[in-house]
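Let's walk through this structure together, one step at a time. Have a look at the sequence and the model before reading on.

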2 protein chains.
Amino acid sequence: MIRTPFPVLTADEAAGLIQDGQTLGFSGFTAAGSAKVIPAALARRATREHAAGRPFRVGVLTGASTGRSLDGALAEAHAISFRMPYQSNSTLRRQINDGEVKFIDTHLSSMQQKLRYGFLGRPIDWAVVEASDVTRGGGIVLTTSVGASNTYLRLADKVLIELNARHPASMLGLHDIFEPQDPPARQEIAIYSPSDRIGSPICVVDPAKIVGVVMTDLADETKDFEPATAVTEQIGWHIADFLVAEMRAGRIPSDFLPLQSGVGNVANSVLAALGEHPDVPSFTMYTEVLQDSVVPLLESGRCRFASTCALALSPDMMKHVVDNIAFFKSRIVLRPQEVTNHPEVVRRLGVVSMNTAIEVDIGGNVNSTHFFGKTLMNGIGGSGDFTRNAYLSIFSCPSTAKGGAISSIVPLAAHMDHNEHSVQVVVTERGVADLRGRDPSERAQLIIENCAHPDYQPQLRDYLRLIKAGGHEPLSLSLGLAMHRQFLRHGDMRNIDWEEFR
Amino acid sequence: MIRTPFPVLTADEAAGLIQDGQTLGFSGFTAAGSAKVIPAALARRATREHAAGRPFRVGVLTGASTGRSLDGALAEAHAISFRMPYQSNSTLRRQINDGEVKFIDTHLSSMQQKLRYGFLGRPIDWAVVEASDVTRGGGIVLTTSVGASNTYLRLADKVLIELNARHPASMLGLHDIFEPQDPPARQEIAIYSPSDRIGSPICVVDPAKIVGVVMTDLADETKDFEPATAVTEQIGWHIADFLVAEMRAGRIPSDFLPLQSGVGNVANSVLAALGEHPDVPSFTMYTEVLQDSVVPLLESGRCRFASTCALALSPDMMKHVVDNIAFFKSRIVLRPQEVTNHPEVVRRLGVVSMNTAIEVDIGGNVNSTHFFGKTLMNGIGGSGDFTRNAYLSIFSCPSTAKGGAISSIVPLAAHMDHNEHSVQVVVTERGVADLRGRDPSERAQLIIENCAHPDYQPQLRDYLRLIKAGGHEPLSLSLGLAMHRQFLRHGDMRNIDWEEFR
């Protein structure tokens, strides 16, 4: 067991200190580095309190999504009143959509400064953070993610640490902890290359705030990734081919640009294609999550360096990284989310952003958060931070969902997270729509002809014909959302009778 | 007459050099500093060519909107094929909405880099730029705006100058010309206070590119501003009171934060209220346009310094500034639009952004470009650059338009330029909706109760009741755009029968 100068508590003792109605800032950006045993104990405590007829709910702030012991356990215990800035747990999602949990969907780069500015309207009572090491003076070495932990540790009244012995002392040096000043005295974020370090390897808190340490030895609760499919592989190759063509045309420098890639099987397929494509040079990443697929690219040199907020690796892959930590510490840096996603750095470095859409409309607007405009999926996450400031912003998705009954290309997105002003390239397995330098009617043509599924191209062309002449945007106020309504009425977006929705 | 080493041409001779189908980068950010005599001559030439049965249309790039001799004259002559990034001329607007002119509505901060990156897909044949002075070596002192002129001058094959004798030689030193490197070698934009200078007082081009100089002596064609109304004054005071309350609550520092303010009578009323409010401390501005209202604030010391892209002043006010140029050169700097609007600087300085909406929906999404989602008004301009990166982002508008027949507060914005993730505060003459830390259903309540006009509050409350339970966003796919459809059908959004649109 690691020795610690602070009181060692059981998880239940730690959870027992937390009061109903308090606000907690947890470590965790994906399951990577999420607090585990304290939230699980807190969920048990909430269940007991509820059984005794007493209210018990807390506000939960994190980096992004978390593992099942955090969002999962707390949601199942009905212990979350308020959630920010992102989540991906099915139970919690249902509670948000049922109105049980208040959720504020937030650009990840702005979470930490919103707290510092006092815009949340509540103090942070507790920081609950997983660490790999703790010094007597209040130095805290984080584990597999940074998220917003550095800010939670600094702002919280009190601190609870999950000291995770699974991580070696040599994790020290993997992190680069930096917190900007607030305006008007703010300086630049002095990152000019993904590998630049600007901060400290440890977080430092007033040791008097550290109320206790809970000893653990648990792996991150990362999910198994959905496997690639023929469709996601095709999307990956379209993107790789597109980027190579841009490089040949001189619009991407020959030493390439840093890449950002989202999470999930589409993102994995894109990275796989970039790794394998013979004409893509070796590259760097300036991104928010590294998945298993990047580790072999780092080892082969295809990826020269990766700046990220989280190592969302499977337990086996994590063990491999830990066993070779000296190699990976020279090729990976973990940063806070306000740095990995910072508009200033993303724009300066010229990041190529590659994110996944739920749906794209023919005007080039992207919905990445709400099914049918109403039902939250996960949240906007970092997609807005990267898309708006990218050198080149790419959104991709399969052209259909639900076995073809839903078209991802629609007349009007039912929720808009990224609009026509920021979305530059749309990719489905059918092909690429390059929207740069195109006006709205040209965009509509390109998206329908290059990206929509053939099952939907005729009715989308009909929609364009049905719109009254005149106007800059291809919009019918009565028919714009008709394909969504058709699905809700008939269970299938295909074969729409536009007249039904006039 | 100013002496110049370059060939002196008449405006008609200069216009005679420009060919059908070419792309022109003009000076002008609002009417301030817009090229005048060459575009007017080009319009006459186009009219003659068309009369002779020959095609004659050009691509027109500018800083933002321009004066009547540029967009007005060229549009009346049907001489524009392609327009970017912003406009505000009634004839051109009609041609864009009729599909005659291709218009790409673009974040102003990204215009110059999109050109440098080659994303427009066409070279710039001519830069046509108004100057107050020219050196033998190709040094060009601009006039009352910078816009994107420095980039057009550098990238264009050939250059035409309108040398405007109305501006004194002492304009030298008013401008701060800086053009960032392209990635991956880009450094920071080293502005830490609105008054920091990072560039040169002049643009420099290869003198061999300067084909000719046309002598002029014309004032900027600035429009008379619409006067303040009781409604706009009320909006101004709501915003001033809100900012004072934020300062008292410690969420704005006591030495305040730099302000950005849009253009028009709402913006003027806001600035007037901030200038007059006894509890607003003296402030600085980091904005894209200065109007007449700021000049007395600079003279009284209420505004300590203003960084801007354009001096959009009336001829009398401009004469006053020129007559006291030493005083104003120490209090005003004119920068390129990619610097005034740069995400990096706006976020670093902690700018408070104050922009005008066409409509705001109850989810907190803002339409600032398209009437009824279809008909272009002007364009997004800089509103996205400032809003997304602001410390505090405020949108305001009168609660109704067309004598009350249109509600600016709607269930669903018919076009979305700024979404719920970026819009923090909504203000109408009725009051303030502070959306920070609020989830979608709380936002809907606040916007309806604090901002909507009483004529519309009952039907907006009905809309909320009619939405099927469940879901994170207060959206009905069938009724979301029904108030817009009601207006198109019945000429009034009031007294809607929701059943008519089911």
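What distance separates the centres of domain 1 of chain A and domain 2 of chain A, taken over C-alpha atoms? The answer is 29 Å. Domain 1 covers residues 11-216 and domain 2 covers 230-501, with bounds that come from an automatic or database domain assignment.

Before we go further, a word on the ground rules: this is a predicted model, where local features need pLDDT of at least 70, side-chain atom pairs count only at pLDDT 80 or more, and totals for chains, interfaces and linings use all residues. Residues are numbered from 1 along each chain as its sequence is written, chains are lettered from A and ligands numbered from 1 in the order in which they are written, and side-chain values use heavy atoms, with hydrogens and water left out.

Now look at where the two domains meet. In chain A, 51 residues of domain 1 are in contact (heavy atoms within 4.5 Å) with 44 residues of domain 2. There are 2 salt bridges between these domains, a salt bridge being a side-chain nitrogen of Lys or Arg within 4 Å of a carboxyl oxygen of Asp or Glu.

Finally, find S396(A) in strand β22, residues 392-396 of chain A; strands are DSSP runs (E, at least two residues), numbered from the N terminus. S396(A) counts as buried because its relative accessibility is 4%, and buried means under 20% relative accessible area (1.4 Å probe, protein chains only). Leaving aside residues up to four places away in sequence, S396(A) touches several residues, including I235(A), N355(A) and V427(A).

Notes
Helix = DSSP H or I, 4+ residues; strand = E, 2+ residues; numbered from the N terminus. Buried < 20%, exposed > 50% of the residue type's maximum accessible area, 1.4 Å probe, protein only.
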